[in-house]
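Here is a short report on one protein chain. Keep the structure open as you read.

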Amino acid sequence: MYVAHLQKIPFLIAGIFLCFGLAIIYFRSKNISRTEFFKLFKAAKFLQVWVLVVVLLLTGAFAVLNHFKSKQYVSAVVSLNYSEASMAQNSNGTRYNMAEIICDEVVEKAIRMGAFEDVTVKQLRRCLSVYPYVQGDVQDKSQYHISTEFVVGYYASKDTQHLDAENVIKLITAAYKEYYIEKYTDSFSMDTDIKPDFSKVEYMDIVSYFNKRITAVLTYLYGMADKGPSFVTENNATFNSIAGRVHQFKETQIDENLRSLILQHGIVKDREGYVDRLSYQNKNTDFDRQKNAVSFDLCNEAIAMYAEEMTRIVLVPTWDQTGKYYMGRTKVGIDELSVKATVFSDNVATNEKEIMDNNLVIDKMLSAEGNLPTHPEADALIASIDESIDAFAAEAIRAGREFSSQRMNQCIAVSISGVSLFSELKTIIVFMAFAYVSLMLYAVSKTFPKH
């Protein structure tokens, strides 16, 4: 900020010489003819020592101050290289907003990443600007343009001049990438803060809870494996390899060890209440089984009512896009009935399995000697499984973020640029020419006669 004000001093000095020179020439030229006017300019010495010395001093001061000022400004071009960007959308289909590049969350993350001292989010954000690299015009359809490149500029203020400008813009763009990945790319999280109190939950319900959590992790990993089958994490793991370990853990620790331990010893906190609950579930499930069985029988009866000729392929005359006729196959009612019958049959099998599983648990609970509301071995195993699932979830999240980060590094490109040396030299040369002309006009004006 102070540098910008100091940089104006050489300009002011040169401007003062220019104004005085022009004023003197204007007033004194009234006393001479036009011929004498041009003779004075032709006779002037354009290489006066004092003029060159002052010009060099002013130019040197300007060059130093201009260099410091240029170091306080840096810009970066953020390019979006994914297909949705051309439709002004984020990678998940939501509307893209360029203002998020310098939003409070991004600036706060950049300050935290860079450990910036003595600067607030509000102070740093005032120094940032963002605008489309190529501007469109809404007044004419031919000039409509959806920009996929945006310029992020940083110009230091008195509150941020102690920061390195290039480092600031690097951290802003890096923070934006992280912000974008967390908000708009594939993510996975588990609500670990709302875990049930295992001491108040039935042991078999804990098994169901663990299965639900581990299935969520597997579903996420399998989905990511489809998107990045060849992706390898920093730990040399793939989504499929992580999913394989999770699946094996589920079968051994949850389904075999924990569930078998509970059934073997009939561990239950409220035997009568839990058995009554399973019995009630069986009644509801059996009701659904009966409905599915009746629907299955009705479909079969309806299929049997069709004539044999109707169950064969039905061909009807039609034509293709070129206008040529051919015999095409069409559906008949029996096709829909067959599909529905298969669905009802699968539902019946699912209902029967649920009833059999519940009956197995009921038999194990009723045949156990005494009531075991707690079991140290089972409690220790539950705590271990809970920690392992959290670890698997954390590993899945890390792998997913690594994948998204790698993909976004390709989809969001950043090129940082400051003021080039050539640009600085061009500015210095322009100022030197301005200073030389100003001082020479002043020197020439002193040769004009006063009267």
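## Burial and surface

In this predicted model, 36% of the 451 residues of the protein chain count as buried. The chain exposes about 27,100 Å².

## Fold and contacts

The secondary structure of the chain comes to 12 helices and 6 strands. Take the contacts between residues at least 6 apart in sequence: 81% of them join residues at least 24 apart.

## A nonpolar surface patch

Three residues form a nonpolar patch on the surface: Val49, Val53 and Leu57. Together they have about 300 Å² of accessible area.

Val49 belongs to helix H3, which covers residues 49–70. Is Val49 buried or exposed? Val49 counts as exposed, because its relative accessibility is 63% and the cut-off for exposed is over 50%.

## The second largest pocket

The second largest pocket has a volume of about 320 Å³. It is lined by 16 residues. Those closest to the centre of the pocket are Met204, Ser208, Arg259, Asp357 and Asn358.

Which elements give two or more residues to this lining? They are four helices: H7 (203–227), H8 (239–265), H9 (271–305) and H10 (333–367).

## Two loop residues with positive phi

Asp118 is not a glycine, yet it has a positive phi of about 55°. Look for Asp118 in the loop between helix H4 (104–114) and helix H5 (121–126). Asp118 has 69% relative accessibility, so it counts as exposed.

Asn236 is another non-glycine residue with a positive phi, here about 60°. Where does Asn236 sit? Asn236 is in the loop between H7 and H8. Both of those helices give two or more residues to the lining of the second largest pocket. Asn236 counts as exposed, because its relative accessibility is 68%.

## Points to locate on the model

- Patch: Val49, Val53 and Leu57, on the surface.
- Pocket: start from the residues closest to its centre, among them Arg259 and Asp357.
- Loop between H4 and H5: Asp118, with a phi of about 55°.
- Loop between H7 and H8: Asn236, with a phi of about 60°.

Key: Residues are numbered from 1 along each chain as its sequence is written. This is a predicted model: local features need pLDDT of at least 70, side-chain atom pairs count only at pLDDT 80 or more; totals for chains, interfaces and linings use all residues. Side-chain values use heavy atoms; hydrogens and water are left out. Patches are made of residues with over 30% relative accessible area and no salt bridge: like charges are joined within 9 Å, nonpolar side chains (Val, Leu, Ile, Met, Phe, Trp, Tyr) within 5 Å. Accessible areas come from the Shrake-Rupley method with a 1.4 Å probe; for residues, only the protein chains shown count as cover. A salt bridge is a side-chain nitrogen of Lys or Arg within 4 Å of a carboxyl oxygen of Asp or Glu. Buried means under 20% relative accessible area, exposed over 50%, partly exposed in between (1.4 Å probe, protein chains only). Contact means heavy atoms within 4.5 Å. On a 1 Å grid over the protein atoms alone, a cavity is a set of points where a 1.4 Å probe fits but cannot get out, and a pocket is an open set with protein on both sides within 12 Å along at least five of seven lines; lining residues have an atom within 4 Å of a point. Grid points are joined across faces, edges and corners, and a volume is the space filled by probe spheres set on the points.
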